[in-house]
Amino acid sequence: MTTDTLADPPSRSVSAPAAASQLKGGYFLTHETDPLQMFISEEWNEEQRMMARMVKDFCVREIQQPFFQRGRELDVSLEADKAEVVALLEKAGELGLCGISIPEAYGGMGLDFNTGLLFSESIAGGYSFATTLGAQTSIGSLPIVYYGTEAQKAKYLPGIASGRLKAAYALTEPTAGSDANAGKTRATPSEDGSHYLLNGQKIWITNGGIADIFIVFAKIEEDEELSAFIVEKAFGGIVVGREEKKMGIKGSSTVQLFFENCPVPAENLLAGRGEGFKMALNILNTGRIKLAAGGVGGGKMSLTKSVEYARERKQFGRSIGEFGAIKQKLAEMAMRTFALEAALYRTGYNIDRKREELLKQGVSESEAKLRAVREFAIECSILKVQGAELACYATDEAMQVHGGMGYAAETGLEMGYRDARITRIYEGTNEINRLLAIVELSKRTVQTRELNLVASGKKIPSKALKSLLPFVSAQKGSPERQLVQGIKDAFLLISGSAARKLRKQMGEEQEIILHLSDILAEAYLTESVWLKIRKLEQMEGASREKLAIQRQMMQLYLYEARARVEKAATDAVNSFATGGEKRSLRLLLSRILPRYEYNPRSLRRNIADYVLEQGGYCF
Ligand SMILES: Cc1cc2nc3c(=O)[nH]c(=O)nc-3n(C[C@H](O)[C@H](O)[C@H](O)COP(=O)(O)OP(=O)(O)OC[C@H]3O[C@@H](n4cnc5c(N)ncnc54)[C@H](O)[C@@H]3O)c2cc1C
């Protein structure tokens, strides 16, 4: 497999500074983005490319080659394998890989947010070690980076960055999964105020069996809200459970933790009392978008492995890559990865620009980082869902392309399939994230009034009705522009109608909210992939042949998205509207969503033939 799947850089990039409207989460629904203000992966600089190559080489050398030599996956329920995972984490630390998000002042690399996403994409080749390293560099250390005092940072971050200290994040409890604030773990302050005594149980803790420090969430006395603590294993009073037997990510430690009068010094409280729940949500936003980056990495790897096999494997006297059924799979994997990548790095870049904007306003570095990610919580939830679905889809199809060999442990494909499945469950389940995207959007519409969806939505019926006149269409511009705008309008129309009709009952209508969330996600992904093509078209030095295929991937994505949006919109309308209201909404929808006709077979064949010729993902 090729280790460098980054697109070739064009000779000249044409980026423009980010506009203010680009730096507001959810604004993509009501504002147009100039393609020149969007970052695309072709713009990685040499340093970023070197970092990605270094990470991929680490994965090949330290994880993939040993896997094939050993002939089985790592399994931390075996002591020898657990020791190997610890050694791997330390080796990663020596190369600086444990400190990607830790500021240089504390021994880290201090990567900007978008380069951090490139790191998460690149480490996808590390199989389940990606989860181990992900917990170390993200949820296990970011609470200290973002919320720690100087003393806490100085004490813990250098050890985490070097890999000497292994970190874990302990939020989930038997009674508190998706409902994260419902935990029963208690922190009782000592009479002299010098420490807390921690009592309770945590479950499903990644890195729990190897960690030296834990970020533990608990309620102080009878507080309503969680607080967070940095807890060293050496404090005592912690019983670590046995390794869980899991479907996948067997090389990643997952245990229960029992706290029995664990003494935690008062200075190890992170942020203020009762700040833990907010912190947990903010940290998860970062984890979510990183998970999407892993999905992009997984999509690229699955495609490349599939292409290699499809070129070699012969049946009925032909390479299986010559069969339309296989071409269809290769094209779908390539196209879905390409679209998600466009949305991913668009968001990461906006988060970095937002951080810079906040820094200019005098906000502190850690506060700026936090608020910048928080700003794009809607996009992070959308990307998490899409990234997890891509990871599951692509590993499943890669296995299918390999037939029986895909089912055999020796190829690693069935392991990838099992490993990918967890992504739909952790960092907030996909259902929770689909709901969250809409909840966050409505908060910004109704409570903070940062978004004016109501006014935008009100214009849509008259716009659509005008289009009933001959020679007038509801949307303007190129077919792509019309469709992207049509998807946004469909969302605004249906969400507005449903909210007016259902009012307070809306929160109980999850099925409708999920349809809306799916339309919202399509609005973001279709626009992102279309903007990426428009930007590539303006860049000098981009290969015309490759661009022609990239354009076809965009067309195929939009073609398929239109069908998904039509189905979700119809299901939503049929779920709440009746009689005349239903008829008029269906009529408006038919005007809003323009036709977007292509021959999907030809598009898929062209895309598949290109990746077969190039030997894998090459965009
Ligand atoms: C391998 C692994 C590693 C993990 N690592 C960590 C870790 O390092 N640290 C940590 O703190 N946690 C960790 N977790 C926990 C993980 O985040 C939770 O499993 C996840 O949040 C879901 O919680 P739950 O398992 O209790 O499921 P539940 O919350 O019980 O959900 C069950 C089902 O109900 C649905 N559901 C729940 N509430 C709602 C609702 N309001 N509306 C609609 N549907 C709903 C869910 O989507 C899901 O389909 C890990 C879990 C696993 C399996």
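This is a predicted model: local features need pLDDT of at least 70, side-chain atom pairs count only at pLDDT 80 or more; totals for chains, interfaces and linings use all residues.

Residues are numbered from 1 along each chain as its sequence is written.

**Exercise 1.** Describe the chain as a whole.

Solution. Begin with the elements: helices (H or I, at least four residues) and strands (E, at least two) are DSSP runs, numbered from the N terminus. The chain has 19 helices and 10 strands. Next, consider the radius of gyration, taken over C-alpha atoms, and the globule rule, 2.2 Å times the number of residues to the power 0.38. The radius of gyration is 25 Å, close to the 25 Å given by the rule for 619 residues, so the chain is as compact as a globular protein of that length. Finally, the C-alpha trace spans about 80 × 60 × 45 Å along its principal axes.

**Exercise 2.** Determine why helix H4 (residues 129–137) counts as largely enclosed.

Solution. First, state the criterion: a residue is buried if 20 or more other C-beta atoms, placed from the backbone, lie within 10 Å of its own, exposed if 12 or fewer, and partly exposed in between. Then apply it to H4, where the buried residues include Phe-129, Leu-133 and Thr-137. Nine of the nine residues of H4 are buried, so the helix is largely enclosed by the rest of the structure.

**Exercise 3.** Identify the residues with the most contacts inside the largest nonpolar core.

Solution. A nonpolar core is a set of buried Ala, Val, Leu, Ile, Met, Phe, Trp, Tyr and Cys residues joined through C-beta atoms within 7 Å. The largest one has 193 residues, and those with the most contacts inside it are Phe-229, Leu-330, Ala-334, Ala-490, Ile-607 and Val-611. Helix H8 (residues 324–360) gives the most to this core, with 16 residues. Now examine Ala-334: leaving out residues up to four places away in sequence, Ala-334 touches Leu-303, Met-553, Ile-607, Val-611 and Tyr-617. Such contacts require C-beta atoms, placed from the backbone, within 7 Å.

**Exercise 4.** State which residues come nearest to the ligand.

Solution. Of the 20 residues around the ligand, Leu-171, Gly-177, Ser-178, Thr-206 and Thr-429 come nearest. Strand S1 (167–170), strand S3 (195–206) and helix H13 (430–447) each give two or more residues to this shell. The largest share, three residues, comes from S3.

How values were computed:
A residue is near a molecule or strand if its C-beta atom, placed from the backbone, lies within 6 Å of it. Two residues are in contact if their C-beta atoms, placed from the backbone, lie within 7 Å.
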